Amino acid sequence: MKPLEILSVAWEGLLTNKLRTLLTMLGVIIGVGAVIMMLAVSAGAQAIVADQIKGLGTNLIFVTPNFTRGGPGGGGSNTFLTMDDVSAIEAQVPGVTGVSTERDASETVRAGSVNLSGVSIVGTTADYPTVRSVGIASGRFFTAQEVTRGTKVAVLGPSLAESLFGSSNPIGQMVLVGNAQLTVIGVTASKGTVGNVDYDSQLYTSLTVVNQRFLPSRLSRIFGSRVSTIFIKVADGTSMDQTIFQTQVLLAKAHNVSLTELPFNVQTQQDVIQTQTATTAAFRALLAWVAAVSLLVGGIGIMNIMLVSVTERTREIGIRQAIGATPTDVRLQFLTEALLLSLVGGALGALGGVGGAWALGRFGSFQTVIVPWSILLAFVSAAAVGIVFGYFPANSAAKLDPIQALRYE
Amino acid sequence: MSQQPLIETLDLVKTYGKGPVQVHALNDVSLRIQTGEFVAIMGSSGSGKSTLMNILGCLDRPTSGRYILAGQDVSDLDAYERAEIRNREIGFVFQSYNLLGRTTALKNVALPLIYSHNGKHAPEVRHKLALEALEAVGLADRADHLPSELSGGQQQRVAIARALINDPLIILADEPTGNLDTAASLEIMSLLHDLHDRGRTIVMVTHEPDLAEHAQRVIHFRDGRVETDKVNGERQAARSAGAH
């Protein structure tokens, strides 16, 4: 038999029972689709984080609570970072050009007749523009003193200023943020969107104002002096390792623990990216296992149905043998059916996976990046599954005795 | 007659099972069938006639003895070689037609061509040959029908067209009218007569004496042996009368 004939015989075999064919393919469709979608989501998540971290600017050191070493909730009160740590680092670690921390909120902002809901509010410290490399287009950013005193001032992102005040000068105007009246003292230079954060449409105010006015519960106000991440900007030419070490020593002393028991991570941007990459790699390995298992299940489904199909079509096999089909002809027919099942399933799964990933990115809250090699991988594994799990049923079909097969009812 | 017989069997033995439960389906069966003969094989069930047909059709191999088809010893061929013999030299006609149910009459007829290893038939050629074969059995207008849309007699004619498509040496018909009513039976028998008249060699298994009357020669089987093997006088007479 010529390859084209084998293909057409196998294709007709599959078409004779369309519903069963589709159900059999479902395992492969779901497996392949899931692999592509999950890889797209994980690649998207990685892209966001990498973007965000890069968008923070260079020469940055991050101080974060270390949850695995009895961080917040685990140890005592000295395992939290506080505003005191922020000022201590700024004052005592050499080579530091700026230290900032942030607390975010979301509030309705009103100016005159304009009313914007869900504006992202960034409560931060005076060094924010230095640390985050955000320029000031007009007016000024708030000072350390204004932060300490909780002066009710605000700095607007350029698109937010445009939405609220149009072409008129916003500086000196009042905005109502939630139920707090703030005076606009500056507008930032345009920075655009970096890794999901639109710097241009945010409202910046002091950490103190956010703590006092916009935090959701009384409890958070009590713990208002606690901060999550401290960002340290280091001067060009200063050793990052040196600065990290000095920061660790300072924090250990301030929190009264030994250096080895320090409940904080002090890392550079590169460290964070590396950690993230390692996490993603582990995540991907997990996905690969999930994919392998789902393809295995799909393959067993194919084998199961092919075995049923061989039994059910025993008579057909007998007829084909009687009129001259060799064992190889029969084996190839069923093997090709299994291969077609898995390849068509793989193609449908790839379509579904790419479509699903696109839809998740377009309509869902995920950013997705479709990884081209994941499509190839999924396809090749689907084909392998077809051949491996199709072989046994195909072989049992080829070994049928024509006399027995013809007598089969 | 010094002519080389088309079919020659020498001491064919077929046994099933082992030891005390051993069954001798065929016991030293030696037969010669010439090209152009129309032979009916009769016998009760268990007489060995089906076993003989399976061996003659290269569906099965004898336990011992030789089977020589057109001068070639085919007793010990492997599964692949036997498939090729079945494809080229043997046309099967079964009691239950054995057409592929979800395949049109035309494609059913063309099926043996797909498995022809020596033939280089393009799809158009296969289509043409199959249509000619259907025409020969008077069913060209039913080419695109599924077997379920045809009567029993029509299905059997499709099966005969399929048996003929590779121009085989012998037609092996196993109770070809067993599932048919009288009218359809006569139709099939007259088709077999036509084929015989055009020089085909036909071996037919039946247990209806009426049908055996159609053949030139009737071989009776009992307990795995040839009981009687006689030329059908009436049929011979009819043929010679017709020739005059």
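Biologist: Which residue takes a positive phi just after helix 1 of chain B?

Modeller: C58(B) does, with a phi of about 60°. Helices here are DSSP runs of H or I with at least four residues, strands are E runs of at least two, and both are numbered from the N terminus. This is a predicted model: local features need pLDDT of at least 70, side-chain atom pairs count only at pLDDT 80 or more, and totals for chains, interfaces and linings use all residues. Residues are numbered from 1 along each chain as its sequence is written, while chains are lettered from A and ligands numbered from 1 in the order in which they are written.

Biologist: How many residues of helix 1 of chain B are buried?

Modeller: Start with the count. A residue is buried if 20 or more other C-beta atoms lie within 10 Å of its own, exposed if 12 or fewer, and partly exposed in between; C-beta atoms are placed from the backbone. In helix 1 (residues 49-56) of chain B, 8 of its 8 residues are buried. Among them are K49(B), N54(B) and L56(B).

Biologist: Now a strand. Why is strand 3 of chain B largely enclosed?

Modeller: Apply the burial count to each residue. In strand 3 (residues 38-42) of chain B, 5 of the 5 residues are buried, so the rest of the structure largely encloses it. Check both faces. F38(B), A40(B) and M42(B) lie on one side, V39(B) and I41(B) on the other, and all are buried.

Biologist: Which strands pair with strand 3 of chain B, and in what sense?

Modeller: Two strands pair if DSSP finds at least two bridges between them. Strand 8 (residues 201-205) of chain B pairs with strand 3 in the parallel sense, over 4 bridges. V39(B) stands opposite V203(B) there. Strand 9 (residues 217-222) of chain B also pairs with strand 3 in the parallel sense, over 4 bridges. In strand 9, H220(B) is the bridge partner of M42(B).

Biologist: In what order do the strands of the antiparallel open sheet of chain B run?

Modeller: The order is 2-1-4-5, from 4 strands. An edge strand pairs on one side only; here these are strand 2 (23-33) and strand 5 (72-73) of chain B. Strand 4 (residues 64-69) of chain B joins strand 5 through 2 bridges. One pair of bridge partners is L69(B) and Q72(B).

Biologist: Which residues have the most contacts inside the largest nonpolar core?

Modeller: A nonpolar core is a set of buried Ala, Val, Leu, Ile, Met, Phe, Trp, Tyr and Cys residues joined through C-beta atoms within 7 Å. The largest has 114 residues, and I36(A), I41(B), V109(B) and A161(B) have the most contacts inside it. Helix 2 of chain A gives the largest share of this core, 12 residues. Another core lies apart, with 52 residues, V93(A) and V147(A) among them.

Biologist: How many residues of chain B are in contact with chain A?

Modeller: 18 residues of chain B are in contact with 16 residues of chain A. Helix 2 of chain B supplies the largest share of the chain B side, 6 residues.

How values were computed
Two residues are in contact if their C-beta atoms, placed from the backbone, lie within 7 Å.
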